[in-house]
Amino acid sequence: MNKVSVFSRKYAWLALLIFTVGIVFSVSAFRFVRQGSRLELDTVNEAKVKTSLALKHIEGNFGRIGASDVREILTQDAKSINSEIHVVDLSGKILFSTSPEQFNTTQVNLAEFLFYDNSYAQSHPGKYRISFPVIQYGSQKGNAVFEIPLAQDLAQGLGAEVKGMTAAASVSVFLLLAAILFLLYKIRWQYKLPLQQLELASRELAKGNFDVSVKTRVTEELGPVVMHFNQMKEELAYMFQQQAEYERSRQELVATVSHELRTPVASIKMYAEGLKSGLAEDFETISSYVDVIHAKADALSSLIDDLFHHAQQELSQLKIIKEEVYCSKLVEQILEPLRLQFAGDSINFETSVETRDVLLSVDVRRIEQVVVNLVQNARKHVKESGTIRFTADMEEGFLRISVSDNGVGIRPEDMPFIFDRFYQGSEARTDDYHGAGLGLSICKYIIEQHGGRITVESALNRGSRFSFTLPKQ
């Protein structure tokens, strides 16, 4: 016979013995408790009837409980029901008592003073202490405590209740011992293996090995723990993977920034040297050189702005300072510089605005930054004589602003990642500046900080539509 079977038989007989004894005590305790509960209910009902008038006087005069006429009324009430009356406020201060000599202080512990248990009836034979809240204008102002003499049968009944509760407590102790022995058995023989597996798996996780897992039946008591452990392991593995990807993205960012800085700087240097050496002799050629230098400088400025805003976002320093502004004013403030920018441009810039004077709480500068970023992105992806369309309209609960174009569009495989930091899509470009993949991520952050949402719709070779919402004030 192995140790497991000996252990099981030994404690099975012990559990059966305890169970039998517990049944005997339970039957006795049930009878006592049932009788005691009925008697206590009768006692409470009797107390409510006796004290109703006195309680009414206390509630009606609580604010002037110290007045002599009120004290006289309460003293008469106490005599009429042969009871002691004590009135205390919510802090435990005694405001009135028909037997002040039993207190050596003006302050009582409410947790003890207002709590009734059978020990009071045992230490004060024939008396029952009960407390009622004092309510004025819908709120409790204090408590009224009554010490009421009991009828003979009720006093005896409360004593019986004490005995019944004692018996019930004894049964509870026996049943608790049986439960403890049963739990010891479960812990010793059914929890040991899963716990050992958890310990070994934890050590492997500490070493960075995320291939380890704990296998156990879900129906076992430790099943949920094991499931959560395995889930935690998967989440840790994902976090480490994300960290590795973030580090890779950071390295790619350094490489991308180096390349993106080198290209416009080289162009600026080349055209500047051409101007210096006199290669551009006529005004038209000089003007074209200056235009190229200006465009490359703009590209550098945009890249530097993206990097700066990204650094602010990472350091939680990209502040959103909101102010109240009407929709129409916000849209006009955004559109005015854009109209000037596209004046005389080969790209068609169209607008459609349907707003009302509804108040918004926004950071105007940041919202303008989002729109400019979206327009610049559209400008890079449309061909000459293409169209960029700006729309703003009110919908239920929010303002929706959209920037659409009829450019090259976005490939379907790029769509899920378009707002990720450092992500650069694989679609065709119309310019040699690709950016650092930060602009749309920053836009998403700004809109979400306003409680809005930014989305994109696109079809390859047909164009894209970026939209964001701003909730009304």
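User: In which helix is the place of Phe174?

Analyst: This is a predicted model. Within it, the helix that spans residues 152-190 contains Phe174. The helix asked for is α5.

User: Is Phe174 buried, partly exposed or exposed?

Analyst: Buried residues have under 20% relative accessible area and exposed ones over 50%. Phe174 has 32% relative accessibility, so Phe174 is partly exposed.

User: What accessible area does the nonpolar surface patch with Phe174 have?

Analyst: Phe174 forms this surface patch with Leu177 and Ile180. Taken together, the accessible area of the three residues is about 240 Å².

User: How confident is the predictor in the protein chain, as a mean pLDDT?

Analyst: Of the residues in the chain, 68% reach a pLDDT of 70 or more. Residues 1-8 have a pLDDT below 50, with 6 contacts in the model beyond near neighbours in sequence. Residues 428-433 are also below 50, and that stretch has 18 such contacts. For the protein chain, the mean pLDDT is 76.

User: How many helices and strands does the protein chain have, and what share of its residues is buried?

Analyst: The chain contains 11 helices and 11 strands. Its length is 473 residues, and the buried share is 36%.

User: What part of the accessible surface of the protein chain belongs to carbon and sulfur atoms?

Analyst: The accessible surface of the chain comes to about 27,900 Å². Of this area, the part that belongs to carbon and sulfur atoms is 56%.

User: Which residue of strand β7 stands opposite Tyr326?

Analyst: Strand β5 (residues 323-326) pairs with β7 in the antiparallel sense over 4 bridges. In β7 (residues 359-362), Leu360 and Val362 make up the covered face, while Leu359 and Ser361 make up the uncovered one. The residue opposite Tyr326 is Leu359.

User: Which residue in the hairpin of β3 and β4 takes a positive phi?

Analyst: Strands β3 (residues 127-136) and β4 (residues 139-149) are antiparallel partners over 10 bridges, and Ile130 has Phe146 as its bridge partner in β4. The hairpin has 2 residues between the strands. The residue with a positive phi, near 55°, is Tyr137.

User: What is the N to O distance in the salt bridge of Arg64 and Asp69?

Analyst: Arg64 is partly exposed, with a relative accessible area of 40%. Asp69 is partly exposed as well, at 34% relative accessibility. Their side chains meet in a salt bridge with an N to O distance of 3.1 Å.

User: How many residues apart in sequence are the parts that Asp345 and Arg379 tie together?

Analyst: The side chains of Asp345 and Arg379 meet in a salt bridge at 3.7 Å, N to O. Asp345 is in the loop between α9 (327-342) and β6 (348-354), whereas Arg379 is in helix α10 (residues 364-381), so the pair links parts whose separation in sequence is 34 residues.

User: With which residue does Glu395 form a salt bridge?

Analyst: At 29% relative accessibility, Glu395 is partly exposed. The closest N and O atoms of the pair are 2.8 Å apart, and the partner is Arg400.

Technical notes
Residues are numbered from 1 along each chain as its sequence is written. This is a predicted model: local features need pLDDT of at least 70, side-chain atom pairs count only at pLDDT 80 or more; totals for chains, interfaces and linings use all residues. Side-chain values use heavy atoms; hydrogens and water are left out. Patches are made of residues with over 30% relative accessible area and no salt bridge: like charges are joined within 9 Å, nonpolar side chains (Val, Leu, Ile, Met, Phe, Trp, Tyr) within 5 Å. Accessible areas come from the Shrake-Rupley method with a 1.4 Å probe; for residues, only the protein chains shown count as cover. A salt bridge is a side-chain nitrogen of Lys or Arg within 4 Å of a carboxyl oxygen of Asp or Glu. Buried means under 20% relative accessible area, exposed over 50%, partly exposed in between (1.4 Å probe, protein chains only). Two strands pair if DSSP finds at least two bridges between them. pLDDT is the predictor's confidence in each residue, from 0 to 100. Contact means heavy atoms within 4.5 Å.
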